[in-house]
Amino acid sequence: MNLVFIRHGKTENYDVGKRQGPDSKLGKTGQKQALKIANRLKKSNLKFDQVITSSWVRASQTAEKIAKKTGLSLSEHPMIHEYISNSILVNQPIQGELVKEYEQAVRDKGINFEWKFRGEGESLRDVINRAIAFKKELLNFHQNRNYIIVSHGLFITTF
């Protein structure tokens, strides 16, 4: 089994200095990034069976460009989305007080895999467990296949 992990392109929220959420769409830069990686994969000598994507908009938009360019089928997977942060952070300005509070809390918590900002969202342990479950699924049911997996930074890191 060969896996190529691709992080989604940059979002509209990124372009205007706001935190992302599940519905954040690719921005102009992200659209170009997605097309660039799609072209690279098309020109490569690598052989894949399918593109698997997170259902979150920015990842699925990136994956759609890759699937279209490479001619591969595309499927969404429910376990490979990004860390679900506390919903109050979505669309907050990166330089805003709430985001600064969150960033300070991250620094202050130390190594705590169970921590959630203000007690809501996912913990790092939750993301790790999703990554482990996805890995087991791949190993148990997809040993002889090769995939392009379009996901998110923290999920890819934990995988």
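This is a predicted model: local features need pLDDT of at least 70, side-chain atom pairs count only at pLDDT 80 or more; totals for chains, interfaces and linings use all residues.
Which exposed residues does the face of α5 turned away from its buried side carry?

**Figure 1. Helix α5 has a buried side and a face turned away from it.** The exposed residues on the face turned away from the buried side are Lys 136, Asn 140 and Phe 141. The buried residues of α5 are Val 127, Ile 128, Arg 130, Ala 131, Phe 134 and Leu 138. They lie on the same side of the helix, because the arc they cover around the axis is only 160 degrees. Among the elements that cover these buried residues are β1 (2–7), β4 (146–151) and α6 (153–158).

**Figure 2. The length of helix α5 agrees with its residue count.** Helix α5 runs over residues 124–141, which makes 18 residues. At 1.5 Å a residue, the helix should span 26 Å. The C-alpha atoms at its ends are 26 Å apart, so the two values agree.

**Figure 3. Helix α4 has buried residues along one face.** Helix α4 covers residues 97–109, 13 residues in number. From first C-alpha to last it reaches 18 Å, close to the 18 Å expected at 1.5 Å a residue. Its buried residues are Leu 98, Val 99 and Tyr 102. Seen down the axis of α4, these fall within an arc of 100 degrees, and therefore they line one face of the helix. On the other side of α4, the residues Glu 97, Arg 107 and Asp 108 are exposed. Just after the helix comes Gly 110, which has a positive phi of about 70 degrees.

**Figure 4. Lys 100 and Glu 97 form a salt bridge within helix α4.** The structure holds five salt bridges, and this view shows one of them. Side chains of opposite charge can pair when their charged atoms come close. The closest N and O atoms of Lys 100 and Glu 97 are 4.0 Å apart. The two residues are three places apart in helix α4, so about one helical turn separates them. Lys 100 counts as partly exposed, at 39% relative accessibility. Glu 97 is exposed, with a relative accessible area of 61%.

**Figure 5. A salt bridge joins Arg 118 and Glu 101.** The side chains of these residues meet at 2.7 Å, N to O. Arg 118 lies in the loop between α4 and α5 and Glu 101 in helix α4, so the pair ties together parts that are 17 residues apart in sequence.

**Figure 6. A salt bridge joins Arg 125 and Glu 114.** The side chains meet at 2.9 Å, N to O. Arg 125 is in helix α5 and Glu 114 is in the loop between α4 and α5, so that the pair links distant parts of the chain, 11 residues apart. Arg 125 is partly exposed, with a relative accessible area of 31%. Glu 114 is partly exposed as well, with a relative accessible area of 47%.

**Figure 7. Arg 19 is buried and has no salt bridge.** Arg 19 lies in the loop between α1 (12–15) and α2 (28–43). The nearest side chain of opposite charge belongs to Glu 103, which is 5.9 Å away. A salt bridge needs a nitrogen and an oxygen within 4 Å. Not counting residues up to four places away in sequence, Arg 19 touches Asn 13, Ser 85, Leu 89, Val 90, Asn 91, Gln 92, Ile 94, Val 99 and Tyr 102. Among these contacts of Arg 19, Val 99 and Tyr 102 are also buried residues of α4.

**Figure 8. Strand β2 is covered on both faces.** Strand β2 covers residues 50–53. Gln 50 and Ile 52 are buried on one side, and Val 51 and Thr 53 are buried on the other. The strand pairs with β3 (residues 73–76) in the parallel sense, over four bridges. The bridge partner of Val 51 in β3 is Leu 74.

**Figure 9. Ala 63 is buried in helix α3.** Helix α3 covers residues 57–70. The relative accessible area of Ala 63 is 0%, and so the residue counts as buried. Leaving aside neighbours within four places in sequence, Ala 63 is in contact with Val 51, Thr 53, Leu 74 and Val 150. Ala 63 and Ile 149 are 86 residues apart in sequence, and their C-alpha atoms are 8.2 Å apart in space.

Notes: Residues are numbered from 1 along each chain as its sequence is written. Side-chain values use heavy atoms; hydrogens and water are left out. Buried means under 20% relative accessible area, exposed over 50%, partly exposed in between (1.4 Å probe, protein chains only). Lys and Arg count as positive and Asp and Glu as negative; His and the chain ends are not counted. Contact means heavy atoms within 4.5 Å. The expected span of a helix is 1.5 Å times one less than its number of residues. The arc is that of the directions from the helix axis to the C-beta atoms. Two strands pair if DSSP finds at least two bridges between them.
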